[in-house]
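Open the model in your viewer and keep the selection tool ready. We will go from one stop to the next.

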Amino acid sequence: MFKELFMFKELFMFKELFMFKKLLFLFTFTFVLCSSLFCNAPCLSFDGANDYVDAGDISTDFSSGLTIEVNVFYSGFNHWSRILEFGNGTIGNISLDHSIVLANYEQSNSLTFENYDTSSTGKVTAPNILETNTWMHIAVTQDALGNVIIYKNGEIVATGISGVPSNITRHNCYLGKSNWPIDGYFNGKLQDFRVWNIVRTQQQIIDNMDSRLIGNETGLAIYFKLDENSGQIVNDSANSNNGFLGLSETEDTSDPIWEISDQTLPVELSSFTAITLSNNTANICWNTASETNLFSYDIYRSTSNKLDSATRINLSYIAPNNTSHGSTYNYYDTELESGNYYYWLKVTELNSTTSYHGPIELKVETEHDNPEIVIPLSTGLTDIYPNPFNPSTTIQFYLEHEAKVSIDIYNVKGQKVRTLANQNYPTGNSNLVWNGRDNLNEKCSSGIYFTVLKTGNKTFKKSMLLVK
């Protein structure tokens, strides 16, 4: 409590008005320079002449809902230059099939969204909103009735109607390039490109536009972080539908160039998970790849999948480590009743900007739910105790018949960190001890790990938590 009061006083209470004005000027100046995302993070720079990204084949059904989000930096405006176009090419000046288009209008700084099916099914244009030499967060949503909303930095700038996208596979899908040869190429930079097959709300867009996603968020169909910083492949973190730079997977003159942007990435999550432990306790765990200028983390919980119904469950703020190497955090939610729970992670920066990650869903079944059910012994993992543990835990398993067994430990990224066994075991109960170290005998960091037992063609898995 004293630490919390001290940090609050350090951040917001100043004895001299001069110091307050100086800090206020610093925050204002920082906001002007970094109006949206991701400082010192890689981005793709397009020369406006022939650079583009081939996004591969896209077969996602967007007819029930569509949301596009991207960070854009314009160096100039070419004729109908595309941020994106998903379609099937043209014959002359006729579209072969339904194209989804996001581009600047003609050669102006107005932004247009439309679905094109041999002819336009309706353009929705936000006039004069695009700026040069500054980063902007652009978002477009379209519902199943064709209603379109265009956002700039979380604010609504245009509404209208365009035809609903057809449920087809699109083979000519690009960032920075049109399917029409008479149109220009995108001139500027792109970063953190997201496409959803659901309609995101304005609040959802605002809550997450300044933070990296993990890639497993509900409805996220395509997620090009555009942070590879080298190579030809553009990785899709949502569904592994990877794209590549330019004409081919080898270097050519149509390749955009990897650059480092001048925007701030407050936090980049590598995982956000929840598991049920004994005694009706949930462990909420998140791992960061990096974190900068953060004030606090908070955990919100609800019994419905709606953030506005969630309440904060941590009594005092969770202090971030603010390290470029990332950290692991755990929060324990105790005395839960049976049911489904949803959790969000709230991130607050030093300048009071907030963002939310989640939700993640957890099903809890208390020990007294089925008191009369007796589970007979069968091959598999029977218990891990203690759990959570430090520094070691005992892994128990049972075999119906003598068999060869392999037991390995994996982290939340799916990486094998330790092999505990690969040999024959007799019928009955057996156990092994894991000392929390990897195959190189180095201590593993705190966090969630998985014990995976394989025997014959059967695989069994249990989670456990190493705490420090």
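**Stop 1: the open sheet**

Eight strands build an open sheet, antiparallel in its pairing, in the order 9-8-7-4-13-2-17-16. Strands here are DSSP runs (E, at least two residues), numbered from the N terminus. Two strands pair if DSSP finds at least two bridges between them. Now select strand 9 (120-126) and strand 16: they stand at the edges. Each has a single partner strand, so one side of each is left without a neighbour in the sheet.

A word on the model before you move on: it is predicted, local features need pLDDT of at least 70, side-chain atom pairs count only at pLDDT 80 or more, and totals for chains, interfaces and linings use all residues. Residues are numbered from 1 along each chain as its sequence is written, and side-chain values use heavy atoms, with hydrogens and water left out.

Next, select strand 2 (residues 53-54) and strand 17 (residues 243-245). They run antiparallel and are joined by 2 bridges. Look for Asp-54: it stands opposite Phe-244 in strand 17.

**Stop 2: Gln-232**

Select Gln-232. It sits in the loop between strand 15 (220-224) and strand 16 (233-234). Is Gln-232 buried or exposed? Gln-232 counts as buried, because its relative accessibility is 12% (buried means under 20% relative accessible area, exposed over 50%, partly exposed in between, with a 1.4 Å probe and protein chains only).

Show its side chain. It makes a polar contact with the side chain of Asp-255 at 3.1 Å. It also reaches the backbone oxygen of Thr-250 at 3.2 Å. A polar contact is a pair of N or O atoms within 3.5 Å; within protein, one must be able to donate a hydrogen and the other to accept it, and residues adjacent in sequence count only if both atoms are side-chain atoms.

**Stop 3: His-137**

Select strand 10 (residues 135-143) and find His-137 in it. His-137 is buried, with a relative accessible area of 2%. Its side chain is joined to that of Glu-69 by a polar contact of 3.2 Å.

**Stop 4: the cores**

Select Phe-86 and Phe-193. Of the 42 residues in the largest nonpolar core, these two touch the most other members. Strand 3 (residues 65-74) gives the most to this core, with 5 residues. A nonpolar core is a set of buried Ala, Val, Leu, Ile, Met, Phe, Trp, Tyr and Cys residues joined through side-chain atoms within 4.5 Å.

Last, select Ile-214, Ala-274, Tyr-297 and Tyr-341. They are included in a second, separate core of 22 residues.

Methods. Helices (H or I, at least four residues) and strands (E, at least two) are DSSP runs, numbered from the N terminus.
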